[in-house]
Amino acid sequence: MMTRKKLYLDVSGVRIQSYLSRTTHLRGRRGASAALAEATRLEDQEIRRLFGASLNTEAGEADGVVNLVLDAPDSEEEADRLARDTAGRVFRHLRARLPAAEFQAVWAVDTSYLDAHRTTIGPRLREGDVLSDLPPVSELPYARICERCHLDPARDRVHLGDGERPYLCPDCMMRFAHRTREDARTAEYELQKRLGTPARPKELPELAALGGKDTDRNHVATVFVDGNAFGHFFEKLAHHGRRLSAESKARISRGLNQATRDALAEAAAAVRRPEEDGDMLCVIPYLVGGDDVLLSLPADRAWPFVRHYLRSFTERTKAVRAEADVPGLPPLSASAGLVFAHHKLPFHLVVEDAASCLAAAKRLVHGKKESVAFYDHTAGHPTHALCLADLEEHQSDLDALTALPESGRHALAAHLRHQAPHAAAATEAHLDRLGRRDVVEPFLADQAPIGLQQALDIARWWR
Ligand SMILES: [Zn+2]
Ligand SMILES: [Zn+2]
């Protein structure tokens, strides 16, 4: 019997991380995250009622993506028309809730979502061959610019309930009108439930204040993680997994999705300090996609969090891969971009830096293993991407370097900054004065994967 073909339609937000970062206030970001979750995490019933289509359960759950499936019409022309009509309804639904976001739709007719993705949806996404929906050009006069995002013309003044009454654009009106009860579908709420932390920081200073006593308690780290080799994995799965039922393939896809959520919860639990945090959430996820997460946490918990997350994610995806039992599936892992900054730094800059760090981390390993790249805004110079394995191998060396008095580390860094010929000699003389040459030795070898300058940069927030 021929398997009946289906029309698969994916509608998603474009560059959604930068869309979220339009407002520096956490409150505005949270409002956008909640609106995005509410607009895209839809039940099958809602999808039938709103769009006349069904929820595509073969795809995993991800913020900012609506996966639909319809019975495929007989001709390609009819399928295209049906897809465009349905996409139009989804665009209108999303536009009403996320005024300034950008959306795209892509579709394919096939026997399974995995095949549809491999042969058509994936390639079309890569080539940008999609149906786009851009925010409308405002007809409002450019007399006054929005006082929160400073990007769009303001529409009206709005009472924010904290004594402020700024002029806001439509998108910021949505963000700041957001009510806590609308958070029920967000990744943040999900994490709060899993950790048993009903309270959460109102703004970033409160998050930064969860930093340890040995810090100035005003720095946060923003982490952008993304899975490695997922494209390759799904390609192989579609290709070699012909004997797998659509249900098995869907289970694998959902299992990988769950790995992201579980690794997030596990790493967040690992860096939680119940005595100091009380019932306060210490990791704020803005967006959890299929294999990517964007979040902020106190700066001094970032390294333990990232190391935990990357290890946990690899372990969990390994289990899903083993269960799939398809020959030739590549091992899965994740890479992380990590940015340390004062909580006041505009969030769109932080997100841009986190994205470039993530890209650098991924370039280093070509999708083959866990890696991380970071940028410390206070240090102000770029650092090299690292394999997680190198960090783990040098854990005790980094611990020892971090244990040096801060003044000693500052002096070392100052010597290193002098590119003059005497720099090496001065550094060594300084080490002898400290009587701790052994501490820096591991970072001075010619082939050391972590050089001394970088080790000192890491040491600032290493725990
Ligand atoms: Zn605005
Ligand atoms: Zn500072």
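Student: Where is H366 found?

Tutor: H366 is found in the loop between α13 and β12. Helices (H or I, at least four residues) and strands (E, at least two) are DSSP runs, numbered from the N terminus. This is a predicted model, in which local features need pLDDT of at least 70 and side-chain atom pairs count only at pLDDT 80 or more, while totals for chains, interfaces and linings use all residues. Residues are numbered from 1 along each chain as its sequence is written, chains are lettered from A and ligands numbered from 1 in the order in which they are written, and side-chain values use heavy atoms, with hydrogens and water left out.

Student: Why is H366 called exposed?

Tutor: The relative accessibility of H366 is 65%. Buried means under 20% relative accessible area, exposed over 50%, and partly exposed in between (1.4 Å probe, protein chains only). H366 therefore counts as exposed.

Student: What makes the backbone of H366 worth a remark?

Tutor: H366 has a positive phi of about 50 degrees although it is not a glycine. Most residues other than glycine have a negative phi. D325 likewise is not a glycine and has a positive phi, of about 55 degrees. D325 is placed in the loop between α12 (302-324) and β11, and its relative accessibility of 54% makes it exposed.

Student: How do you know that S333 is buried?

Tutor: Its relative accessible area is 2%, so S333 belongs to the buried class. S333 lies in strand β11 (residues 333-342).

Student: Which residues are in contact with S333, leaving aside its neighbours within four places in sequence?

Tutor: Contact means heavy atoms within 4.5 Å. On that basis S333 is in contact with G227, N228, F230, F313, T314, G367, K368, K369 and E370.

Student: Is F347 buried or exposed?

Tutor: F347 has 2% relative accessibility and therefore counts as buried. Its place is in helix α13 (residues 347-365). Not counting residues up to four places away in sequence, F347 touches several residues, among them S21, T23, R29 and Y286. F347 and L26 are 321 residues apart in sequence, and their C-alpha atoms are 9.1 Å apart in space.

Student: Why is Q395 called partly exposed?

Tutor: At 32% relative accessibility, Q395 falls in the partly exposed class. Q395 is found in helix α15 (residues 395-403) and touches R307 and W462, not counting residues up to four places away in sequence. Q395 and W462 are 67 residues apart in sequence and 9.5 Å apart in space, C-alpha to C-alpha.

Student: What makes D171 and R22 a salt bridge?

Tutor: A salt bridge is a side-chain nitrogen of Lys or Arg within 4 Å of a carboxyl oxygen of Asp or Glu. For D171 and R22 the distance from N to O is 3.8 Å, and their side chains meet in a salt bridge. The pair links distant parts of the chain, 149 residues apart: D171 is in helix α6 (residues 170-176) and R22 in the loop between α1 (16-20) and α2 (26-40). D171 is buried, at 1% relative accessibility, and R22 is buried as well, with a relative accessible area of 15%. R22, D152, D171 and R175 are linked in a network of salt bridges.

Student: How many salt bridges does the structure hold?

Tutor: The structure holds 30 salt bridges. One of them joins the side chains of R460 and D376, at 3.0 Å from N to O. This pair links distant parts of the chain, with R460 in the segment after α19 (452-459) and D376 in strand β12 (residues 371-376), 84 residues apart. R460 is partly exposed, at 29% relative accessibility, whereas D376, with a relative accessible area of 3%, is buried.

Student: What does the salt bridge of R148 and E164 tie together?

Tutor: The side chains of R148 and E164 meet at 3.0 Å, N to O. R148 lies in the loop between β5 (131-133) and β6 (156-157) and E164 in the loop between β6 and β7 (167-168), so the pair ties together parts that are 16 residues apart in sequence. R148 is buried, with a relative accessible area of 11%, whereas E164, at 38% relative accessibility, counts as partly exposed.
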